Amino acid sequence: MLTLADRHTSQIERLTQELELAKDENAVMEMIARHASDGLLIQDIYARIEWSNPAYSRVTGYSAEELRGRKPQELLLPPENAMSAESIAAFKYDIASGILDSVEIVRNVRKNGEYFWNQLSFAVVEYDGSRDPKIIVISRDVTEQIEREESLKRAKEESQFRAEHDVLTGLPNRMKLNSFLSDALREASAESGEVGILHVDLDHFKEVNDMLGHAAGDAVLVHAANVMKTHTRSNDLVSRFGGDEFIIVCPGVSGFPVLERVAKRIITDLRQPIPWDDKNIVLGSSIGIALSNESSREKEELIKQSDAALYEVKNNGRNDLLSYTNEIGEIVSRRTELSASLSEAIANNQLGIVLQPQFDLSTRTVTGFEALIRWHHPQRGLLAAAEFIDVAGKNGRLVDVDAIARKGALDALCTLRDAGFPHLRMSMNVSAQMLNRPDYVDELKWEVEQRGLNPKNLAIEVLETILIENNDNATTRSISALSEAGFAVELDDFGTGYSGLANLARLKIHGVKIDRALVQDCPQDQTAQVILKAVVNLCKDLDLNVIAEGVEYLEQAEFLRQIGGSVIQGYGVARPMSLENAVRWLRNTNMNTVLTASNYISSSVS
């Protein structure tokens, strides 16, 4: 049985052991606190720092002595987020709110002025009795992690921007256009609103690249983008659709007039000269306009409508605007149908030529014919070239159509020769695609030789617009080669372009065909008379042949005869006819009756 002394001794030993154990635990805790990588703070409920570990000093730059008794808000907040002295003094942790259960990431500033991201987590130590709780704060410098995440975010945003924007102009590209337009149409449908589209194309942009270089072309595109952004609203989208085409999406518009006013302003500003080196670049633009409605709520349909309107603008002379209508839609539908059946028509020999005579007023004789390509459509009947040439160009079949027309023209010339008309000449048209083929002239020469024809009996008609849009060495070389081979080269539709005189000076041209637009009003319009006289006199001085096309009335022919333009072509002489009928017409027609009132048949011009 233990005595009282023994029990006392035992208690002393147990207490000694407990003290030693407590010392060991405190040592461990102190070691952990000093060597922890995260900063540790003990604060009172008013956020005054009572203790901090070395890691917190390393993070903030302040020593434990500098921190003790201070509040982090006094030392660590950047100037732009600084709190007033009164707010700092009044600060107290609201333990009951539960805010201390969250993790905060705040931007702080070190003692040396360097900014860093500080992740803070909290714990509350409650005491029994009246003592206030203590706040334990764990502080971690997460600057590197935040900056890495921000860098990844920026890289992702930049990658997304590049994926959705054109590098040159900075405008949204097709991808962004598609998503924006889909959203705009969805919103408009829900609100019974409308979305408008302006489809903008820069006229003759290819010439800028060809003549001044791609740097000039890039400058034009950037300028055009800036003009369009200037005339659109902040909620509109100006996008680069591709090449020199742009699409502007205008949500929340009310009718075509609003869109047309915007289009007019854009066309006007794009016409202004653009300084480039020591030159001024002047460029027009064409704009097709479409507006969503109950039947056109799909983005593809709306873009298709704007493209159809744009196509008609370009087809009618460019540098203008046009709003989509159902009539335009019918034209496009017809063109699409023809496009689908053109290849079959070529394979089934549905394309052929008709001949229209060229008549000399002074000698009252036929000097030759022009070979005109026609499509013998099984449902639509005989189609003029204007109805399918553009379709052939878009389908990549224009060279095939040219080849059919050329073969037909040469065979017709052989038939006329064998029928007793060896001195007649044949005019035939050539497209830019065919003219610029390296083997075109050699192929033509070979076909002429195979038929025993004289090149002097052939005239190759080149549209003036071809020379404008294909101002390159290939075109010039082909024209020179044709002239050297003995073929006549004539400018067709002369007077409709704006570089005719320059072309007469620089190219080996043998003649011109005056466009019907100049001939149409010559008996009554004095301006037309002055222009016609000037053209005829100029051609005489340059020793060039002149043919006036589109002559329908005796008065037109008489005026042309008086000013010296003797060779004419048009319905006033004869309508286009088959080869068989051409031979019969030559044999049976009294040329003295040509262009009399009874001979003229009113009809649309071919």
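User: Which residues have the most contacts inside the largest nonpolar core?

Analyst: This is a predicted model, in which local features need pLDDT of at least 70 and side-chain atom pairs count only at pLDDT 80 or more, while totals for chains, interfaces and linings use all residues. Residues are numbered from 1 along each chain as its sequence is written, and side-chain values use heavy atoms, leaving out hydrogens and water. A nonpolar core is a set of buried (under 20% relative accessible area, 1.4 Å probe, protein chains only) Ala, Val, Leu, Ile, Met, Phe, Trp, Tyr and Cys residues joined through side-chain atoms within 4.5 Å. The largest one has 80 residues, and those with the most contacts inside it are Phe-369, Met-426, Tyr-440, Leu-444, Leu-482 and Ile-568.

User: Which helix gives the largest share of this core?

Analyst: Helices here are DSSP runs of H or I with at least four residues, numbered from the N terminus. The largest share of the core, nine residues, comes from residues 398-418, which form helix H14.

User: In what order do the five strands of the open sheet stand?

Analyst: Strands are DSSP runs of E with at least two residues, and two of them pair if DSSP finds at least two bridges between them. The edge strands, each pairing on one side only, are E2 (49-52) and E3 (104-109). The pairing is antiparallel, and the order is E2-E1-E5-E4-E3.

User: How many bridges join E3 to strand E4?

Analyst: Strand E4 covers residues 115-125 and runs antiparallel to E3. Arg-107 stands opposite Trp-117 in E4. The number of bridges joining E3 to E4 is six.

Key:
Buried < 20%, exposed > 50% of the residue type's maximum accessible area, 1.4 Å probe, protein only.
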